[in-house]
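Please look at the sequence and the 3D structure shown below. The paragraphs after them go from the chain as a whole to single residues.

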Amino acid sequence: MGSLQLKSIRKAFGDHEVLKGIDLEVKDGEFVIFVGPSGCGKSTLLRVIAGLEDATSGSLQIDGAEVINTPPAKRGIAMVFQSYALYPHLTVKDNMALGLKQAGTDKQEIETRVAKASSMLSLDPYLARRPAELSGGQRQRVAIGRAIVREPKLFLFDEPLSNLDAALRVQTRLEIAGLHRRLKATMIYVTHDQVEAMTLADKIVVLNAGRVEQIGSPMELYNRPANLFVAGFIGSPQ
Ligand code: ADP
Ligand code: MG
């Protein structure tokens, strides 16, 4: 569960075409990284996959079923953003539980799932705190916890570490890699950070101006870049 197939996905805002026909296959359980220059369409592509933006045309299948017209809540996807978007007036526990409450999940089931996510993310000591009483790294862990409790088959991360300082980025990156191993879920992850891309990815998708330049494993892209753009992007420190 959690495979994804995109065919000729296009997205325009007015007459500005941002995604110019994206084809992509993601296997169940894969860790896929999107890289590319600012403005090339990475966030838009994640938002189209999540259903937060409608594609202008194209096909999007999850586990073989067309979902292009399926509302976001029914796609089995959870998205983690760069800004944590936590509710300031709710405790950590209630922030993690809110989505499940809204979905009408059984109370005991909510308790179980929140406890599991909290333990996985070492958030137990902070469950009664409010977001303002947490560090940036802890807040981002709560945002990840909020995604985990929904037990999605597909996680989308949009530059989740870019608001964290260098040491926390390394620690949180290792935690995300650990979560991927434990949850065995499919993860698609946007980053500007080459180290994140090279260490986390099974597969890297290099995007440029709304198109895919190359898809391959970190080593394939590094050793056999398809063109100068990919060579420049993967090879150069950023
Ligand atoms: P990236 O995440 O790769 O930096 P984005 O997907 O955020 O790029 O944006 C790609 C392009 O789409 C940019 O030119 C951006 O200005 C434009 N864009 C994104 N969202 C909207 C929107 N809601 N309305 C109009 N233009 C948008
Ligand atoms: Mg973006």
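Of the 238 residues of the chain, what percentage count as buried? The share is 40%. Bear in mind that this is a predicted model. The chain has an average pLDDT of 94, and 99% of the residues reach a score of at least 70. For the model, ipTM is 0.99 and pTM is 0.94.

Begin with the overall form. The chain holds eight helices and ten strands. Its C-alpha trace spans about 50 × 40 × 30 Å along the principal axes. A compact globule of 238 residues would have a radius of gyration near 18 Å, and because the chain has 18 Å, the two agree. Contacts can also be sorted by how far apart the partners sit in the sequence. Among contacts in the chain with a separation of 6 or more, 66% join residues 24 or more positions apart.

A database record can be set beside the model. In an unreviewed entry, UniProt lists residues 4-234 under "domain: ABC transporter". In the model, this span is 37% helix and 26% strand, and its end C-alpha atoms are 24 Å apart.

Next, turn to ligand 1. Which residues surround ligand 1? They are F13, V18, G36, S38, G39, C40, G41, K42, S43 and T44. By type, this shell contains six polar residues, three nonpolar ones and one charged one. Helix α1, residues 42-50, gives the most to the shell, with three residues.

One residue of the shell leads on to another part of the chain. S43 belongs to the shell around ligand 1, and the C-alpha atom of S43 is separated by 9.6 Å from that of F81, although the two residues are 38 apart along the chain. F81 sits in the loop that runs between β6 (77-80) and α2 (92-102). Is F81 buried, exposed or partly exposed? It counts as partly exposed because it has 15 C-beta neighbours inside 10 Å, and a residue needs 20 or more to be buried and 12 or fewer to be exposed.

Finally, look at the backbone angles of two loop residues. S122, in the loop between α3 (107-120) and α4 (136-148), is not a glycine, yet has a positive phi of about 55 degrees. S122 is exposed, because 11 other C-beta atoms lie within 10 Å. E151 is not a glycine either, and its phi is positive, at about 50 degrees. This residue lies in the loop between α4 and β7 (154-158). With 14 other C-beta atoms within 10 Å, E151 is partly exposed.

Methods
Residues are numbered from 1 along each chain as its sequence is written. Chains are lettered from A and ligands numbered from 1 in the order in which they are written. This is a predicted model: local features need pLDDT of at least 70, side-chain atom pairs count only at pLDDT 80 or more; totals for chains, interfaces and linings use all residues. Helices (H or I, at least four residues) and strands (E, at least two) are DSSP runs, numbered from the N terminus. The radius of gyration is taken over C-alpha atoms; the globule rule is 2.2 Å times the number of residues to the power 0.38. Two residues are in contact if their C-beta atoms, placed from the backbone, lie within 7 Å. A residue is near a molecule or strand if its C-beta atom, placed from the backbone, lies within 6 Å of it. Ala, Val, Leu, Ile, Met, Phe, Trp, Tyr, Cys and Pro count as nonpolar, Asp, Glu, Lys and Arg as charged, and the others, Gly among them, as polar. pLDDT is the predictor's confidence in each residue, from 0 to 100. UniProt positions are given in the numbering used here, feature names are shortened, and annotations may be inferred rather than shown by experiment.
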